[in-house]
Each structure stands twice: as C-alpha cells, then as structure tokens.
Amino acid sequence: MREIKNSGHFIFLLFLTVLTLPCFQVQELKAESRLFAGFTLDESITSLALNQDWQQKPMARILQPLIYDQLWSMGPAPEYTAVPSLAWKWETEDHRTWTFHLQPEAYFRDSFPVTAEDVIFSLKLMPRIDPALNHREVRIANYKIIDEKTLEVTLAEPHGGNYPPFYRIPVLPSYIWKLYSKKPETYPNIEVIGSGPYHLKDFKAGESLRLVRNTDYWGEGGRFDEVQFLIFNDQKQLHDAMLGGIIDLFGYQGIHPSQIPDFEYRPGINNVISAGMDLNWLSFNLAKSTSLQNIVVRKALMLGISKTEIIDEVYSGYAREIDSFVYPEQMEYNPNTEKYHFDLAKAKALLSKSGFQDFDGDGVRDDPEVSRDLTFTLLISNANQAHVAMGDLIQSQVRALGIRINLMKVDPFIYFSFLHNPVEGGFDIAINSAEPGPYNDWIWNVMKSDEDLYNEYNSSHYINYAFDRVYSRMLTSHNLTRRPKYYYLLQEIMADDLPYGLLVRSYKICPIRETAIPEPISSMGGISSEINVWNYVHQESSLDATTDEPLF
C-alpha cells in the first residue's frame, strides 16, 4: 500500500501559482532564477505523450531527464562516469544479476513514493514505447522486488563494460501507467507525473514549455526556479532570439561556424566550442550487385575523397577527420587501423591495377567483370544541409577518379525508408550520421549481420559472422583489460572490410548568455544535450556507485 508523502508542499505550490502569472512572456516572469533555451520547430515535441518522439526529438531527449528520474546518469566530461541518480547504489557479482538501491526520499509529483515496482514496470514498458531502447542491456530474464526501495534484476545475458544497465530509461509511476500498459502511446500524459528535478508547469505545442524546480526533490536538483523551452520556426528565428536577448542558449544544435562573428563580440555572450557527438560516414550498399562489391572500388572512393576540403568548405574548419565509430579521446580507440587519407594518385593506381579503365572514352571508368561503368547513386536527406553540401563536394571530388556520382536528394521520410532497406536497392551509397556518445556500444549494431532489432540499421547490409562473435564478446565482457582488445578488433575488421567509409566529426558551437550560466559545463555535443544536462541541474559528483550511504 502506497503512502502519500505528508508535507506542506501543496500549500507552497499553490502559493507559487498565485505569484507566477500564467503567461509565457519573458518580461512578465517573476521567478527568482530562470533559464530560457531555444529550439526549432523540427527539434520540438508536438505532444506530451510518450511516443518515439521522446527518443528522437532533441528537445525531448533533454527534457526527459529533467522531469523523470533515471537509475543513473552520464557524468560530465572528461570522465563520463556513471553518476548515481534514482539509484544511489548498485552492485553485481556476475554482471548478469544487478541489485539497485533507490533513494529513500524519492517521490513523484503527486507525493507517492517512487518504489521498486515503478522501476520494474518502467524497465519493461519503455522498450515497448521506444524500440530504440530495446537492446540487450534491458532484456530482463527475471526480477525480484526485495523491498519498496530495493530491486534485483537478472538480465538475459551478462552486461559488460564500465556502465551499469538501463541507461536513459525514465522511471514512471506504475499506478498511473499500468492502466495504459497495452497501448501506452494512447495516454495523453498531460500532467506528466515524474520524480525528476523539475515539474512541468505548462506546455503549448509549437510555442513553449515551462518547467519549475521540484522543491521536494531528494537531491540538490534544479539549478533554476524556472526553465523555459521556447520554440521557433527555424534556425534564423532562433539565431535572432539569441541576439535579441530572448533566449540564454541554444537548446540543442548550436550555430554554424559562419555565424560565429554574430556572437563573438556581443557583450555578455560566450561562444563555447566543443567536439560534437555526430559522426558522418558513407554507407556502401552491399546488397546490390554493383562494382561496390569490390573492396578496391570502396577503398579508391575513400582515398579519392578529401575530408580536409569537406571540413573547410562545409564546416568552415570546425570539424575533424574520423576513421572509426569510436571517438579518439576514448581509451577504446584503435589508432593502428588502416587509414584512408586523401591520396588521389594511390586511388587511381588501385583502380587501374584492378582493371578499371575508361574503355569507351566517356570519362568514367568501366568494370570489365560486370560490363558497366563506375556510376553510383548517392542518397542524401535534403533536410540535412551539411550532407547536401557534402554530397556536392564528393560528387565533384571523385570525378577525378573516373567515378560518376548521381545525387539523389530526397525528403527525410523517403531517405530513411531507403536507408533502412538496402536490400530493396534504392541506393548505391548513402551519407549517414549518428551520435554514439561516450556510452557507444550500441553503434556497432550498424554492422551486425544476424537478425536483431537493429538489423534494419545495418544500412550497408554487411554480413560478417566473425564480426558478430567479437561484438557479442565485447558486449558481455566485464574484464576491463580484455574488453578494449575486442574494441580494437572490431575497428580493425571494419577498416579492413570497409562496409562504411568514415568522413568527419563536426564541432559544436554554442553561444550562451554569461549572466544565465557564468561557468557552463561543456562536453562532447556541447552545453545542452541528452548526455549533458548539468547546466540545468546541480552536479553531485562527490559520491559514486560504491558509496555506502544515499546521496541525501
């Protein structure tokens, strides 16, 4: 039987409601401290229902940990360690059975305590709401509720690595959501009952969302009495809102390097520049019977692409070359794999030596084995302007190799329908991207060849069961000496087989108003992202998961 927390916070909230005008106009806000973050319409949610938008939309990915507690959080740079959150402690002996101890003073917004039952319910429900969460580390074989604040979970397979399982899964009140467990997407979730550092005040789709600090939070909680997410039609409006003093920071995407001068000398604005999380690469469709089946052609293409020119022309110098799905600052990065730096002479020699010549004099090399020339279709989402510019450059660059690229710029829906179905043959090559983040075990699913949830994201249709075995061992290994060796081997296999051609990683440039956050916390991906909410909440970094006492 749940007991409602007996406190005077209802009176306080009523008092706060009287003092705070129900209006989104900046000049009429009366909060003691407040922060305004701006998002574009494309980045924002259209409803409060927990659907896939809550994983895919940038605004939702930042909002989620502010409203809902998670068992643990990603700590700030550069360590990116697992920081206790709703679980103040966890332990495991075999990395398959995990015990989590919950904060004793954690309560939902409606004053019901957060219990082990709520956690188990959420761990089982959320992967159904959002398939992107349905990966190995959340596949539960068995569980036991030891008491109201302690739970034991046995996974289907051991979970290795530096992090505990169940990353970024919000804990929901089971007593509300169990009524909608069969069709959770139908629950409008208007009140948004969570136990996080902030509570929802109000929401107007396409306009704004307002949060107020949870004054009864078990921890130090929110940095601000009020946080507003303001929504603008496009990047230009967002840019003007920052210059006009309407917002304090860009909620997600930051600015293009060409816009740096607009903010560089503005009094009170600081440009925070950090490495981005996004990795950009080429997916070679190996499901089609084209000359791309020949690795010589794939290698020549990568050698014929000047990443330096892409960095200069597309990103104005604010990017870096990449050669792996692992960030170079991480200990798992393998610096000894084969690299494909721009070398036009080497690329031409590779093609000529393998018999690819321009036999008919049309300027395009021919493949003598399949009686067709080296002409390929490059799939690009027309909503991604960086990829559009990148595609134009690549088309021009590889022409010098005697390779013709036809650009297929399509809307995002068509783009993803083709990308996730390479066997349908809708493209030869595609420009793709993702943000693996520090906890990036999942990104290697793009190369898995066996049937799995993420198989559709293997946009190359790459099949290598030896790779699958190494990947499986890496995921389950909790030997921190052996595990990086598996990571090294994965990167070697990828560089040797080249189902994907890695291109660039852009920087994140984030203007921020100094009066709002004088010393912003930055990480890969900038000052506001799903892995960095530390500019919205206080950082309790003095304790870790080995502590013997709750945080508060």
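Predicted model: local features only at pLDDT ≥ 70, side-chain atom pairs only at ≥ 80, totals over all residues.

Author: Residues are numbered from 1 along each chain as its sequence is written, and side-chain values use heavy atoms, with hydrogens and water left out.

Reader: Is serine 528 buried or exposed?

Author: Buried means under 20% relative accessible area, exposed over 50%, and partly exposed in between, with a 1.4 Å probe and protein chains only. Serine 528 has a relative accessible area of 2% and is therefore buried.

Reader: Which side chain forms a polar contact with that of serine 528?

Author: A polar contact is a pair of N or O atoms within 3.5 Å; within protein, one must be able to donate a hydrogen and the other to accept it, and residues adjacent in sequence count only if both atoms are side-chain atoms. The side chain of tyrosine 536 joins that of serine 528 at 2.7 Å. The serine 528 side chain also reaches the backbone oxygen of glycine 251 at 2.6 Å.

Reader: Where is histidine 95 placed?

Author: Strands (E, at least two residues) are DSSP runs, as are helices (H or I, at least four), numbered from the N terminus. Histidine 95 lies in the loop between β4 (87-92) and β5 (97-102), and is buried at 15%.

Reader: In what sense do β17 and β18 pair?

Author: Two strands pair if DSSP finds at least two bridges between them. Strands β17 (residues 375-381) and β18 (residues 404-410) are parallel, with seven bridges.
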